[in-house]
Amino acid sequence: MIDEKELLPRILHGDLKAFEVLVKQYQGLVFHVVNRIINTKEDKEDICQEVFIKVHQHLHRFEYKSRLSTWIARIAYVTAINYGKKYNNEHTIAHPADIENYSFAEENPGKLLDKKDVTAYINRLIAQMPEQYRTLLTLFHLNEFSYQEIEEITGMPEGTVKSYLFRGRKLLKEKLSVYLKNELS
C-alpha cells in the first residue's frame with residue numbers, strides 16, 4: 001500500500017519514479033474497470049494508457065475528498081464509456097436494450113471449462129452480462145468499493161447501484177444453480 005499524501009506531491013513535482021509506483025499500484029484496478037466495458041485487447045491497452053495520462057495531467061485536481069483508487073476508477077470508467085460512445089459501441093461488449101428482461105445464452109458449461117475451473121466459468125458468465133452489471137459486480141466484489149464510491153465512479157445513484165448489483169447477482173445465481181444441478185446429476 002502506498003502513502004498517497006507522500007507520493008502525490010512527489011509526482012506533482014515531476015518525480016517519474018513516484019508516478020511509476022502509482023501506475024503499478026493501480027494498473028490492475030484500471031484494467032478491471034476497462035476490461036468489463038471494452039471488447040478488443042488493443043482498445044483495452046490504449047484506454048488503460050489514456051487513463052494514466054489523464055491521471056497524470058489532472059492529479060493536481062485531486063482533493064482527497066475520496067480515496068485515490070475511487071478517483072482513478074472514475075477516470076477509467078468515464079474514459080471507457082466515452083470511448084464506446086465515440087465509436088458507436090462497436091468496440092464495447094454489446095448489451096441488450098431491455099436490461100430488465102436479460103437472460104444468458106444457453107450454453108453447456110462443460111464445453112466452456114474444465115470442471116475444476118469454476119472461477120473461469122463465473123468470469124465468462126459475468127462477461128456475458130450487460131455492461132452495467134459487469135462493471136458494478138467488478139467494482140463491488142473484485143475491487144471492494146462501497147456503494148457510495150461506486151456512485152462516485154459511475155455517476156449512478158446509490159439505489160440504482162444496489163438494484164443492478166442485486167439483479168446481477170440474481171442472474172449469476174440462476175445460471176450457477178442450473179450448472180450445479182447438471183454437475184450433481
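The chain has nine helices and zero strands, where helices (H or I, at least four residues) and strands (E, at least two) are DSSP runs numbered from the N terminus. Along the sequence the pattern reads α-α-α-α-α-α-α-α-α.

This is a predicted model, in which local features need pLDDT of at least 70, side-chain atom pairs count only at pLDDT 80 or more, and totals for chains, interfaces and linings use all residues. Residues are numbered from 1 along each chain as its sequence is written, and side-chain values use heavy atoms, with hydrogens and water left out.

Now the totals. Of the 185 residues in the chain, 43% are buried, meaning under 20% relative accessible area; exposed is over 50%, and partly exposed is in between (1.4 Å probe, protein chains only). Taking contacts with a separation of 6 or more, 69% are between residues 24 or more positions apart; a contact means heavy atoms within 4.5 Å. The accessible surface is about 10900 Å², and carbon and sulfur atoms contribute 52% of that. Those areas come from the Shrake-Rupley method with a 1.4 Å probe, and for residues only the protein chains shown count as cover.

Next, the backbone. Most residues other than glycine have a negative phi. Tyr 64 is not a glycine, yet its phi is positive, about 60°. Tyr 64 sits in the loop between helix H3 (41–58) and helix H4 (68–86). Its relative accessibility is 35%, so Tyr 64 counts as partly exposed.

The other residue is Glu 144, with a positive phi near 55°. Glu 144 lies in the loop between helix H7 (131–142) and helix H8 (147–154). Is Glu 144 buried or exposed? Glu 144 is exposed, because its relative accessible area is 62%.
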